[in-house]
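Please keep the structure in view while reading.

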Amino acid sequence: MRKYKNGGQLETVVCNCCGKKIIVSEGVAREGVISINHGWDFFSEKDGEIHHFDLCESCYDAMVMEFKIPVDVEEQLEYL
């Protein structure tokens, strides 16, 4: 869950799973967090809905450990 200041700067990030408040400084999340923004389409029971949520790194790790097929991970060679 994200909240923004009036100027559009990121103010708060909270993990939707565990409720942990992610450290945000100067509009930038200073901890590992994954943001999901997904628009469901025609072949879904959620057609026309857009879902937004954030997970802290611990909740993400716990979630992907339950996957039957592991996450495909590659090394990022350049940081922007």
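Q: Is D54 buried or exposed in this predicted model?
A: D54 belongs to strand β7, which covers residues 50-56. Because buried means under 20% relative accessible area, the residue falls in that class, and the value for D54 is 3%.

Q: Which residue forms a salt bridge with the side chain of D54?
A: A salt bridge requires a side-chain nitrogen of Lys or Arg within 4 Å of a carboxyl oxygen of Asp or Glu. The pair in question has an N to O distance of 2.9 Å, and since D54 lies in strand β7 and its partner in strand β1, the two tie together parts that are 52 residues apart in sequence.

Q: Which residue has its backbone nitrogen 2.9 Å from a polar atom of the side chain of D54?
A: Leaving aside neighbours within four places in sequence, the contacts of D54 include V13, C15, V33 and I34. Its side chain also makes a polar contact with the side chain of S35 at 2.4 Å, and another with the side chain of R2 at 2.9 Å. The backbone nitrogen asked for belongs to M1.

Q: How many salt bridges does a search of the whole structure find?
A: E31 is partly exposed, with a relative accessible area of 24%, and K20 is partly exposed at 37%. For the whole structure, the search gives two.

Q: What accessible area do M63, F67, V71 and V73 have together?
A: F67 lies in the segment after α1 (57-65) and counts as partly exposed because its relative accessibility is 41%. With M63, V71 and V73, F67 forms a nonpolar patch on the surface, and their accessible area together is about 360 Å².

Q: Which element of the chain has the lowest mean pLDDT?
A: The mean pLDDT of the chain is 95, and 100% of its residues reach 70 or more. Among the elements, strand β3 (residues 21-22) has the highest mean, 98, while the lowest, 93, belongs to strand β1.

Note on methods:
Residues are numbered from 1 along each chain as its sequence is written. This is a predicted model: local features need pLDDT of at least 70, side-chain atom pairs count only at pLDDT 80 or more; totals for chains, interfaces and linings use all residues. Side-chain values use heavy atoms; hydrogens and water are left out. Patches are made of residues with over 30% relative accessible area and no salt bridge: like charges are joined within 9 Å, nonpolar side chains (Val, Leu, Ile, Met, Phe, Trp, Tyr) within 5 Å. Accessible areas come from the Shrake-Rupley method with a 1.4 Å probe; for residues, only the protein chains shown count as cover. Helices (H or I, at least four residues) and strands (E, at least two) are DSSP runs, numbered from the N terminus. Buried means under 20% relative accessible area, exposed over 50%, partly exposed in between (1.4 Å probe, protein chains only). Contact means heavy atoms within 4.5 Å. A polar contact is a pair of N or O atoms within 3.5 Å; within protein, one must be able to donate a hydrogen and the other to accept it, and residues adjacent in sequence count only if both atoms are side-chain atoms. pLDDT is the predictor's confidence in each residue, from 0 to 100.
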